[in-house]
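Please find below some notes for a colleague who is meeting this structure for the first time. They are set out as numbered points.

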Amino acid sequence: MLEQVTLLCGALTGLALLLNLWRLLKGPTLHDRILALDTMYINAIALILLLGTHMGSPLYFEGALLIAMLGFISTVTVAKYLLRGDIIE
């Protein structure tokens, strides 16, 4: 039962990733594209965690942690660039 739920959640998360990719490519504004990219990070983390649960390996959790840190840093960097026009003051 847990394997079926994990596979279903993985499929739905994969669908969400595709929809985020569509928003990233077709977003009418730059803000929409940044939000789509940030949501893609979150969905990728969820997908990796589901894969780690399905495989039973703790290595996937470390990869998810690395992607979470990179996603946070990139989102803060892009938001700072949009607000001030410069990343490093």
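**Notes on the model**

1. In the protein chain, confidence is lowest in α3, with a mean of 88, and highest in α1, at 91, where pLDDT is the predictor's confidence in each residue, from 0 to 100. The chain averages a pLDDT of 89, and 100% of the residues score at least 70. This is a predicted model, in which local features need pLDDT of at least 70 and side-chain atom pairs count only at 80 or more, while totals for chains, interfaces and linings use all residues. Residues are numbered from 1 along each chain as its sequence is written, and side-chain values use heavy atoms, with hydrogens and water left out.

2. Helix α2 covers residues 30-55, and its 26 residues should span 38 Å at 1.5 Å a residue, which agrees with end C-alpha atoms that are 37 Å apart. After α2 comes Gly56, whose phi is positive, near 75°.

3. The axes of α2 and of α3 (residues 59-84) come within 9 Å and cross at roughly 175°, which makes α2 roughly antiparallel to α3 (angles over 145 degrees count as such).

4. The buried residues of α2 (under 20% relative accessible area, with a 1.4 Å probe and protein chains only) are Ile34, Ala36, Met40, Asn43, Ile45 and Gly52. What covers these buried residues includes α1 (2-26) and α3.

Methods
Axes fitted to C-alpha atoms, helices over the stretch in contact; angles between N-to-C directions. Helix = DSSP H or I, 4+ residues; strand = E, 2+ residues; numbered from the N terminus. Parallel < 35°, antiparallel > 145°, perpendicular 65-115°, else oblique. Expected span 1.5 Å × (residues − 1). Buried < 20%, exposed > 50% of the residue type's maximum accessible area, 1.4 Å probe, protein only. Contact = heavy atoms within 4.5 Å.
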